[in-house]
Amino acid sequence: MKHMQGARPEMKLDRRLFLGASAAASAVLCAPCVLADGHGRPRVVVVGGGAGGATAARYIARDSRGAVDVTLVEPTRSYYTCFFSNLYLGGFKEIGDIGHTYGGLTAGGVNVVHDHAIGVDRTARTVTLAGGSVLKYDRLILAPGIDFVEMSVPGWDISSQNLMPHAYKAGSQTELLKARLMAMPDGGVFAMVAPPNPYRCPPGPYERVSMVAHYLKANNPTAKIIVADPKPKFSKMALFQEGWANHYAGMIDWIGEEFGGGNVGVDPAAGTLTIDGEKTRVDVCNVIPAMKAGRIADIAGVTDGNWAPVNAADMSTRADPDIHVLGDASQQGDMPKSGFSANSQAKVCANAVRGALTGSRVFPAKFSNTCWSLIDTNDGVKVGATYEATEEKIARVDGFISQTGESAEVRRVTYEESESWYAAITADMFG
Amino acid sequence: MRTWAGFAKNEEVAKTAPAFTVAPQVLAIRGDIEYGAYLASGCITCHQPGGNTDGIPPIAGLEAGIFVTALHAYRQKHRDNPVMQLVAGRLTDDEIAALAAYFETLGK
Ligand SMILES: Cc1cc2nc3c(=O)[nH]c(=O)nc-3n(C[C@H](O)[C@H](O)[C@H](O)COP(=O)(O)OP(=O)(O)OC[C@H]3O[C@@H](n4cnc5c(N)ncnc54)[C@H](O)[C@@H]3O)c2cc1C
C-alpha cells in the first residue's frame with residue numbers, strides 16, 4: 001500500500017481504478033504474486049460463514065483493501081452462534097442476542113453468496129454451488145464446521161433430530177431444545193447423550209448441563225438430569241463437578257465410561273434411552289452424536305478419516321496447498337475445536353493467503369484460545385492456552401485453568417469477561 | 001524510569017494496579033506498526049474497540065508508554081489476570097512495542 005499513498009496526489013483516479021492500479025503495481029513489484037488468469041484480481045472463495053470463515057473473509061477483504069476478490073458462500077442469512085447458546089437455554093440470553101447477519105461483511109467488501117457449496121474441482125480450481133453457479137478461485141478456504149457421524153448413537157439419525165434434538169448447530173435446534181425443556185413435566189427427566197472426542201467445544205455439553213440445571217432449579221426443582229458419557233473424564237471436570245455439587249445438589253447424575261455411559265442406544269419414537277442395557281423413559285433427550293468435518297471438506301478430497309489435516313503455518317491442507325481448512329473441520333494438533341480457535345486460525349490463514357496473493361508481509365503464526373463457561377449466575381470459569389506452529393502441528397505453548405474454590409468475586413469477574421469476549425468476537429467476525 | 005499509573009482511559013483498571021516501572025531503553029523501542037496490526041488481531045477477539053468497561057477493558061487508543069508498561073507488568077506477573085499473563089508471557093519486547101505503536105494509532 002506504500003506506493004498507493006505516494007501515487008495519491010498526482011493521479012486523480014477514482015477509488016476503484018485506484019485499487020486496480022495498486023493491485024497491478026504489486027503484481028509487478030512482488031515475486032510471490034499470483035493473479036488469476038485474465039481476471040485481474042486474485043480470487044479467494046470462502047465456504048462457511050461461521051467463526052472461521054466469516055473472520056477470514058472479513059480480514060482478507062479489509063486488509064487487502066480491494067486487491068483480493070473475496071467471495072463468502074454461506075447458506076443461512078442469520079448465523080446463530082453456538083457460543084452463548086447454552087446461556088439462552090439457561091435464560092440468560094434471548095435467541096435474538098445470539099443471531100448475526102452478514103450486512104457488515106458485504107459493507108466490508110466481501111461478496112456474500114447465500115448458497116450451499118456442493119462440489120470442488122481442484123484441477124479447474126472451481127467451487128460449484130447448489131444453485132448452479134460456479135466460482136473460480138486462486139485460494140479456497142473451507143470452514144464448514146461439523147457434521148455428525150451417522151449411526152454413532154444407535155437408533156438416532158438426522159431424521160430424529162426433532163424428537164431428540166442435538167442443538168449442536170445453533171438456531172432452530174436450540175429453540176427446540178429450550179421448548180422441550182420448558183415443557184417438561186414436574187419431576188421429569190432430562191437426558192443428554194454426550195459425544196466422544198474430538199468434538200466442538202469440549203466444555204460445551206457440561207456448560208449445557210449447568211444451564212439446564214439452572215433453569216430446572218428455578219422452574220422444575222424436582223426434575224433430574226442424566227448424562228450418558230462415553231468418556232472417562234471431560235473438560236473442566238473438577239470445576240463443573242464442584243459447581244454442580246454447590247448449586248444443583250442431587251439433580252445431576254453423570255454416568256461416565258466406567259459405568260457404561262458409552263454403551264447407549266435411543267428409541268426416538270418411544271422416547272427411551274438405554275444405558276448399558278437398562279432402558280429408561282426420558283422426557284427430553286439431547287443426543288449429541290460423534291462429529292466429523294463438514295461434508296464439503298470430504299467432497300473436496302482434503303480429509304483423512306473424519307477431519308482435514310492441515311499445515312500449522314498457514315492452515316493449508318496436507319492434500320492441496322491451494323485449499324485451506326479452518327476451525328472445527330481441521331485436524332491441526334493441540335487446539336480445541338472452539339469459536340475462539342477458529343477465529344484465531346482464520347487470522348493466521350488470512351495473513352498467509354494475502355501474502356501469497358499480493359506479496360504483503362507474512363508474519364509468524366501465533367494462536368490462542370480461551371473458553372469461558374457459565375455454571376450458575378455470576379459463576380464463570382475459564383480455560384485457555386497459547387499455541388505456535390511447528391512442522392508437525394499447532395503445538396500448545398502454555399496454558400491456565402480456573403481453580404476450584406475460587407472466590408465469588410473472581411467468578412463474577414470471569415463471567416463479565418465472557419460477556420466482553422462475546423461482544424468483541426462477534427464484532428470481529430461480522431464487522 | 002517511567003512509572004505506570006494505569007490506563008489513561010480506564011480508571012477502574014488503574015485502581016487495582018500495582019506500581020511498576022519499565023526501563024527507559026525498553027520504552028524507547030520503536031514498534032513495527034504493521035506487525036503490531038497483525039498481532040493486535042489476537043487482542044481484539046476479546047477487547048472491544050470501545051464501549052462497556054466492565055469485564056475486558058477497551059485498549060484501542062491507549063498511549064504507547066502505558067500500554068508497554070501494562071504488558072510488561074503482566075509478563076512479570078505484577079498484574080494478575082491469568083489470560084493476560086499468558087498472552088504477555090509469549091511476547092518479546094519488540095512485539096510489545098509493535099502492539100503499543102499500533103494501538104496508539106487507533107486513538108489518532
Ligand atoms: C453448545 C455449544 C457451546 C459453545 N460454546 C463456545 C464458547 O463458549 N466459546 C467458543 O469459542 N466456542 C464455543 N463453541 C464452539 C464453536 O461454536 C465452534 O467451535 C465454532 O463455531 C467453529 O467455527 P467454524 O467456523 O469451524 O464452524 P461454524 O461456526 O459452525 O461455521 C460453519 C458454517 O459453514 C456453513 N456451511 C457448512 N457447509 C457448507 C457448505 N457446503 N456450503 C456453504 N456453507 C456451509 C454453515 O452453515 C455454518 O454457518 C460452542 C459450541 C457449542 C455447540
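**The ligand shell and the aromatic pairs**

Sorted by class, the shell around the ligand consists of 18 nonpolar, 11 polar and six charged residues. The nonpolar class here is Ala, Val, Leu, Ile, Met, Phe, Trp, Tyr, Cys and Pro, the charged class is Asp, Glu, Lys and Arg, and the others, Gly among them, are polar.

Some bookkeeping. This is a predicted model, where local features need pLDDT of at least 70 and side-chain atom pairs pLDDT 80 or more, while totals for chains, interfaces and linings use all residues. Residues are numbered from 1 along each chain as its sequence is written, chains are lettered from A and ligands numbered from 1 in the order in which they are written, and side-chain values use heavy atoms, without hydrogens and water.

Back to the ligand. It is surrounded by 35 residues, and the closest are Gly52(A), Glu74(A), Tyr79(A), Arg200(A) and Asp328(A); to be near, a residue needs a heavy atom within 4 Å. Which helix of chain A gives the most to the shell? That is helix 10, with three residues. Helix 3 (51–64), helix 4 (85–90) and helix 10 (339–358) of chain A each supply at least two. Helices are DSSP runs of H or I with at least four residues, strands are runs of E with at least two, and both are numbered from the N terminus.

Now the polar contacts, meaning pairs of N or O atoms within 3.5 Å. Arg200(A) places a polar side-chain atom 2.6 Å from a ligand oxygen. His116(A) has a polar side-chain atom 3.4 Å from a ligand nitrogen. From Ser338(A), a backbone N or O atom lies 3.4 Å from a ligand oxygen. The ligand taken alone exposes 1000 Å², of which the protein buries 93%, by the Shrake-Rupley method with a 1.4 Å probe.

On to the aromatics. Over all chains there are 21 aromatic pairs; ring centres must lie within 6.5 Å, with planes under 30 degrees apart called stacked, over 60 edge-to-face and the rest tilted. Tyr79(A) and Phe430(A) have ring centres 5.7 Å apart and planes at 50°, so that pair is tilted. Tyr79(A) is in strand 3 and Phe430(A) in helix 11 of chain A, 351 residues apart. Both Tyr79(A) and Phe430(A) are buried, that is, under 20% relative accessible area.

In chain B, the rings of Tyr35(B) and Tyr38(B) have centres 6.5 Å apart and planes at 10°, so they count as stacked. Tyr35(B) and Tyr38(B) both lie in helix 3 of chain B, three residues apart.

Conventions. A polar contact is a pair of N or O atoms within 3.5 Å; within protein, one must be able to donate a hydrogen and the other to accept it, and residues adjacent in sequence count only if both atoms are side-chain atoms. Rings of Phe, Tyr and Trp (its six-membered ring) pair if their centres lie within 6.5 Å; planes under 30 degrees apart count as stacked, over 60 as edge-to-face and the rest as tilted. Buried means under 20% relative accessible area, exposed over 50%, partly exposed in between (1.4 Å probe, protein chains only).
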